[in-house]
Amino acid sequence: MNEQPTPEAVSDTTPVTGGEDEAREVGVGPWPGPWPEGEHYDPELLANGDRRNVVDHYRYWRREAVVADLDMVRHDFHVAVENWSHDFNIGSVVRTANAFGCAAVHIVGKRRWNRRGAMVTDRYQHVHHHPDTTALVDWAAEHDLVLIGVDNLPGAVPLETYPLPRNAVLVFGQEGPGLSEEVRQVCAAVLSIAQFGSTRSINAGAAAAIAMHAWVRAHVFAQPVSDTASTSAP
Ligand SMILES: C[S@@+](CC[C@H](N)C(=O)[O-])C[C@H]1O[C@@H](n2cnc3c(N)ncnc32)[C@H](O)[C@@H]1O
């Protein structure tokens, strides 16, 4: 397992706008009045303001303190994304993984991945790199995790009625080829998300959000899945 290198383009204190297309400033200005006490507070943020893309609970906290706090409440599921051609969806997957309390994101293939879309959320998210599928399989076995592919391939079973295991690594493919044959072979199941329109697929970022939230509904909210659900999906 290799640790992710520090992002080059943005620092943790780089102002983050409300959305990729928005120029408005978000966050809070310098702390007014006497500074609060606590190791978790970052003097630079207290002095200059906190414009980061973090929930209010973490305003003015040091990055390390935020990560340590999140580490106490992260969920058991992981996600993995194949990265053979710098898929632009990976940043979005990382951002959603952060939002849903994913234990870690695993990038399989090329080490460098397209951070646009992550909105600096990768600074608070464990992101591991695996050079190939075998490395991911070995890592999952060592950690008693089950690889669950997510793709609308022939033979895939509906995500909507599949009882997702708690110890799942949800694995996503890339634009174009989708999940590689190699990954399909090592997954305990491949799950499809029901579609009702004309497009062949949704993008991997959207698919990842749906699948992660399915895990959250099952294991955080104890929502049962029914194997008798009716659907008009093909
Ligand atoms: C744009 S899809 C490409 C592959 C797709 N199998 C096709 O036939 O076009 C990229 C990735 O998004 C995810 N994805 C997209 N639509 C999906 C769906 N309906 N069900 C499950 N996964 C989906 C999968 O992880 C897939 O590998």
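Reader: Which residues of α3 are buried?
Author: This is a predicted model. α3 is mostly covered, with 9 of its 10 residues buried. They are Ile 90, Gly 91, Ser 92, Val 93, Val 94, Arg 95, Thr 96, Ala 97 and Asn 98.

Reader: What do the buried residues of α3 pack against?
Author: α3 spans residues 90–99, and 9 of its 10 residues are buried. Their packing partners are β2, β3, β4, β7 and α6.

Reader: Which residue just after α3 takes a positive phi?
Author: The angle is about 70°. The residue is Gly 101.

Reader: What is the handedness of the β-α-β unit made by β2, α3 and β3?
Author: β2 and β3 run parallel and are joined by 5 bridges. Within this pairing, Val 81 has Ile 107 of β3 as its bridge partner. With α3, the two strands make a β-α-β unit that is right-handed.

Reader: Why is strand β3 described as largely enclosed by the rest of the structure?
Author: β3 covers residues 105–109. The strand is largely enclosed because of its count of buried residues, which is 5 of the 5.

Reader: How many bridges join β3 to β4?
Author: β4 holds residues 127–130 and runs parallel to β3. The number of bridges joining β3 to β4 is 4.

Reader: How far apart are the end C-alpha atoms of α6?
Author: Helix α6 has 16 residues, 204–219.

Reader: Which elements do the buried residues of α6 pack against?
Author: The buried residues of α6 include Ala 204, Ala 208, Met 212 and Trp 215. Residues three or four places apart in an α-helix point the same way, because there are 3.6 residues a turn. The buried residues of α6 pack against β2, α3, β5 and β7.

Reader: Is Gly 149 buried or exposed?
Author: Gly 149 is found in strand β5. There are 25 other C-beta atoms within 10 Å, and 20 or more count as burial. Gly 149 is therefore buried.

Reader: Which residues does Gly 149 touch, not counting residues up to four places away in sequence?
Author: Ala 168 is 19 residues from Gly 149 along the chain, and their C-alpha atoms are separated by 9.7 Å. The residues Gly 149 touches are Val 171, Leu 179, Val 183, Arg 184, Cys 187, Val 190 and Leu 191.

Reader: What is the bridge partner of Gly 149 in β8?
Author: β5 and β8 pair in the parallel sense over 3 bridges. β8 comprises residues 189–192. The bridge partner of Gly 149 there is Val 190.

Reader: What is the bridge partner of Val 157 in β8?
Author: β6 covers residues 157–158. Its 2 bridges to β8 join strands that run parallel. Val 157 is partnered by Leu 191.

Reader: Which residues come nearest the ligand?
Author: There are 19 residues around the ligand. The shell divides into 8 nonpolar, 8 polar and 3 charged. Those that come nearest are Gly 173, Gly 178, Ile 193, Ser 201 and Ala 207.

Reader: What share of the residues in the protein chain is buried?
Author: The chain has 6 helices and 8 strands. Among contacts between residues at least 6 apart in sequence, 71% join residues at least 24 apart. Of the 234 residues, the buried share is 33%.

Conventions: Residues numbered from 1 in each chain as written. Predicted model: local features only at pLDDT ≥ 70, side-chain atom pairs only at ≥ 80, totals over all residues. Expected span 1.5 Å × (residues − 1). Buried ≥ 20, exposed ≤ 12 C-beta atoms within 10 Å, placed from the backbone. Contact = placed C-beta atoms within 7 Å. Pairing = 2+ DSSP bridges. Right-handed = clockwise from strand over helix to strand, strands pointing away. Near = placed C-beta within 6 Å. Nonpolar A, V, L, I, M, F, W, Y, C, P; charged D, E, K, R; others polar.
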